[in-house]
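Please consult the sequence and coordinates below alongside the text.

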Amino acid sequence: MSSIDVPANVEEHADAILRVCSYHRRDFDLVVVRSRPHDMRLVQGSLRAAFETLPTAELGILGRLPAELMSIVLRGLDVRSFFYFRQVNRRARVLSTGLWEYELVSKHALEGLRGLLRAELAHCFTIDDLYRTLITDKCTTCGAFGGLLFLFTAERCCFECLQSSAHYRALPPSAFAKLAKISPSRLKRLSGLSLRTVPGIYNMMERPVRRPKYLIFEEKAIQTLLGIRAIGEDSIRNLRSRREQSDQRFMTATAYPYYSLENAKLERGVSCKGCQVRLELVHGDLDHRDQVFSTRGFLFHFSRCVETQHLWAESKGGTRTVKEPELTRRCGYFNQLGSDGRPA
Ligand SMILES: [Zn+2]
Ligand SMILES: [Zn+2]
């Protein structure tokens with residue numbers, strides 16, 4: 001993101017500006033697939049370390065490969081096979097743990113790794129796929145900063161696109177089969193089209209939602225079924241005209257930070273406090289309030305956002321605490337607020 005030009009006077013105070021004027025939308029992370037911190041802590045240690053005892057057994061013919069070729073093989077294994085390989089013996093564990101791409105993914109993107117395993121989609125992607133998404137900050141659909149991993153494709157996406165783009169449509173298998181006029185068992189046999197849903201809170205108001213056991217990725221299912229001539233145009237019309245249950249899209253994504261190789265920093269995305277101030281003052285403009293930026297993107301936005309510059313001026317260069325909106329203070333997580341961020 002170094003291509004974003006930030007004025008020198010903003011660059012000079014970048015860290016303080018980010019601290020005073022930006023915040024992370026925690027509510028966006030909480031409404032998609034997520035793990036309990038306790039569960040993550042239990043697995044993190046074992047995923048990131050080899051055993052302390054030195055390996056004694058070899059890997060047979062695989063062990064004769066030069067290290068470089070071995071890395072290529074490991075990077076090409078799908079996630080499920082990669083974990084099977086890790087369990088072969090201590091030497092396999094050492095080799096897999098030392099793979100740079102795996103090291104980074106298991107350290108910074110555990111939620112994505114776990115999300116794919118829980119969704120029963122781990123056989124569709126490699127560690128390298130997850131790594132490449134981790135070091136990319138842009139939403140595949142709109143090009144803005146994306147803080148989520150779309151589990152069906154292991155692509156990065158933003159909250160806005162996940163909610164509104166037709167690309168992310170998902171349907172329960174029974175509804176899909178009925179509208180496409182194909183048998184549910186045939187649909188089930190096609191690999192990579194269905195995702196197993198997991199328990200979670202999938203709406204901002206934290207109301208219980210009906211959760212189907214599986215969801216079908218509509219776009220890919222249509223492509224696959226058209227490819228084998230199992231459906232026709234009428235089925236596609238039926239499918240596209242069906243209204244979705246919006247909560248179900250949240251069951252197909254998980255929070256996924258961005259790792260910048262340039263400065264070895266992890267970014268979860270930030271939003272603008274000033275844009276919330278403006279929303280409360282003049283109403284409307286939810287789109288601006290809900291924008292998520294990379295840190296470079298935010299610093300660029302800062303030089304154009306009058307309200308956030310006021311906050312910065314009030315903070316006297318980050319040396320004084322400023323009064324900020326309740327919603328930004330709570331990082332967006334406050335379900336008793338109305339859509340404008342004020343108490344309902
Ligand atoms: Zn997007
Ligand atoms: Zn702003």
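A cavity is a set of grid points where a 1.4 Å probe fits but cannot get out, and its lining residues have an atom within 4 Å of a point. The model discussed here is predicted. A search of the whole structure finds two cavities of 30 Å³ or more. The points below treat these cavities, a pocket and a helix contact in turn.

**Largest cavity**

- The volume of the largest cavity is about 40 Å³.
- Its lining consists of His24, Asp29, Gly147, Ala255, Tyr256, Pro257 and Arg268.
- Sorted by class, three of the residues lining the largest cavity are nonpolar, two are polar and two are charged.

**Second largest cavity**

- The residues that line the second largest cavity are Val33, Gly115, Arg118, Ala119, Leu151, Leu195, Arg196, Thr197, Val198 and Met251.
- Helix H9 (110-118) and strand S5 (194-196) are the elements that give two or more residues to this lining.
- In the lining of the second largest cavity, six residues are nonpolar, two are polar and two are charged.
- The second largest cavity lies between domain 2 (29-137) and domain 3 (161-253), because both domains give residues to its lining.

**Second largest pocket**

- The second largest pocket has a volume of about 510 Å³.
- Its lining comprises 18 residues, and those nearest the centre of the pocket are Ser35, Met40, Glu111, Ala255 and Arg268.
- Ala255 and Arg268 also belong to the lining of the largest cavity.
- At least two residues of the pocket lining come from each of helix H3 (26-30), helix H4 (37-48), helix H8 (100-108) and H9.
- H4 contributes four residues, the largest share of the lining of this pocket.
- The lining of the second largest pocket divides into eight nonpolar, three polar and seven charged residues.

**Contact between H14 and H15**

- Helix H14 (residues 218-227) and helix H15 (residues 233-241) have axes that come within 11 Å and cross at roughly 175°.
- Angles over 145 degrees count as roughly antiparallel, and H14 and H15 are therefore roughly antiparallel to each other.
- On the H14 side, the contact involves Glu218, Ile222 and Leu226, which meet Ile236, Leu239 and Arg240 of H15.
- The contact of H14 with H15 has four nonpolar and two charged residues, with no polar residues.

Methods
Residues are numbered from 1 along each chain as its sequence is written. Chains are lettered from A and ligands numbered from 1 in the order in which they are written. This is a predicted model: local features need pLDDT of at least 70, side-chain atom pairs count only at pLDDT 80 or more; totals for chains, interfaces and linings use all residues. Side-chain values use heavy atoms; hydrogens and water are left out. On a 1 Å grid over the protein atoms alone, a cavity is a set of points where a 1.4 Å probe fits but cannot get out, and a pocket is an open set with protein on both sides within 12 Å along at least five of seven lines; lining residues have an atom within 4 Å of a point. Grid points are joined across faces, edges and corners, and a volume is the space filled by probe spheres set on the points. Ala, Val, Leu, Ile, Met, Phe, Trp, Tyr, Cys and Pro count as nonpolar, Asp, Glu, Lys and Arg as charged, and the others, Gly among them, as polar. Domain bounds come from an automatic or database domain assignment. Axes are lines fitted to C-alpha atoms, for helices over the stretch in contact, and angles run from 0 to 180 degrees between N-to-C directions. Angles under 35 degrees count as roughly parallel, over 145 as roughly antiparallel, 65 to 115 as roughly perpendicular and the rest as oblique. Contact means heavy atoms within 4.5 Å.
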